[in-house]
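Me: I have a fold open in the viewer. Please show me how to read its features, one at a time.
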Amino acid sequence: FLQDGVFETTEAKRAEDPTKPQKVKITRRITGESSTSEAEYEVIDSPLRLSSTDWERVVAVFAMGKDWQFKGWKWPTAVDVFNN
């Protein structure tokens, strides 16, 4: 969905490949008034291995907002994560 804007069910993706990748690269085309460029993003399932440098590159977090989801993160609560 993030790359092409097309929703795929979990079942369809698992049928395609049952192994869960640790990291997925997404490329988005950005069209401006006078030029077009591409931005590449890495989507990961767990931030527990991110270094301080990696945290500086975080541009989005997808979460339900429950505090247990942020256990072991650089910031311990959802409020802290979204304020940094």
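Predicted model: local features only at pLDDT ≥ 70, side-chain atom pairs only at ≥ 80, totals over all residues.

Me: Now the pockets. What is the volume of the largest pocket?
Reply: The general idea first. Rolling a probe the size of a water molecule over the atoms shows where empty space is left. Here the largest pocket has a volume of about 2400 Å³. Its lining counts 46 residues, and those closest to the centre are Leu2, Val24, Val43, Ile44 and Asp45.

Me: How do the lining residues divide into nonpolar, polar and charged?
Reply: The lining of the largest pocket has 22 nonpolar residues, 16 charged and eight polar.

Me: On to the rings. How many aromatic pairs does a search of the whole structure find?
Reply: It finds three aromatic pairs. Take Trp55 and Trp73: their centres are 5.7 Å apart, with 50° between the planes, and the pair is tilted. This pair links distant parts of the chain. Trp55 sits in helix α2, Trp73 in the loop between α2 and α3, 18 residues apart.

Me: Why is the pair of Phe70 and Trp73 edge-to-face?
Reply: Look at the angle between the ring planes. Planes over 60 degrees apart count as edge-to-face. The planes of Phe70 and Trp73 stand at 75°, so this pair is edge-to-face; the ring centres are 4.7 Å apart.

Me: Which residues form the aromatic cluster?
Reply: Trp55, Phe70, Trp73 and Trp75 form one cluster.

Me: Are Trp55, Trp73 and Phe70 buried or exposed?
Reply: Read the relative accessible area; buried means under 20%. Trp55 has 10%, so Trp55 is buried. Trp73 has 17%, so Trp73 is buried too. Phe70, at 1%, also counts as buried.

Me: Where is Phe70 found?
Reply: Phe70 is in the loop between α2 and α3. The C-alpha atoms of Phe70 and Val81 are separated by 8.3 Å, and these two residues are 11 residues apart along the chain.

Me: Next, charges. How many salt bridges are there?
Reply: Again the idea first. Side chains of opposite charge can pair when their charged atoms come close. In this model the count comes to nine salt bridges. One of them joins Lys13 and Glu16, at 3.2 Å from N to O. Both residues lie in helix α1, three residues apart, about one turn of the helix. Lys13 is partly exposed at 39% relative accessibility. Glu16 is exposed at 57%.

Me: What does the bridge between Lys20 and Asp45 tie together?
Reply: The closest N and O atoms of Lys20 and Asp45 are 2.8 Å apart. Lys20 is in the loop between α1 and β1, and Asp45 in the loop between β2 and α2, so the bridge ties together parts 25 residues apart in sequence. Both Lys20 and Asp45 are exposed. Recall that Asp45 is also among the residues closest to the centre of the largest pocket.

Me: Which residues are linked in a network of salt bridges?
Reply: The network links Lys23, Lys25, Glu40, Glu42, Asp54 and Arg57. Asp54 counts as partly exposed at 24% relative accessibility. Arg57 counts as exposed at 54%.

Me: One last residue. Why does Asn83 count as exposed?
Reply: Exposed means over 50%. Asn83 has 61% relative accessibility, so Asn83 counts as exposed. Asn83 is found in helix α3. Its C-alpha atom is separated by 13 Å from that of Glu56, 27 residues apart along the chain.

Key:
Residues numbered from 1 in each chain as written. Heavy atoms only, no water. 1 Å grid on protein atoms, 1.4 Å probe; cavity = no way out; pocket = protein on both sides within 12 Å on 5 of 7 lines; lining within 4 Å. Points joined across faces, edges and corners; volume = space filled by probe spheres on them. Nonpolar A, V, L, I, M, F, W, Y, C, P; charged D, E, K, R; others polar. Phe/Tyr/Trp six-rings, centres within 6.5 Å; stacked < 30°, edge-to-face > 60°. Helix = DSSP H or I, 4+ residues; strand = E, 2+ residues; numbered from the N terminus. Buried < 20%, exposed > 50% of the residue type's maximum accessible area, 1.4 Å probe, protein only. Salt bridge = Lys/Arg side-chain N within 4 Å of Asp/Glu carboxyl O.
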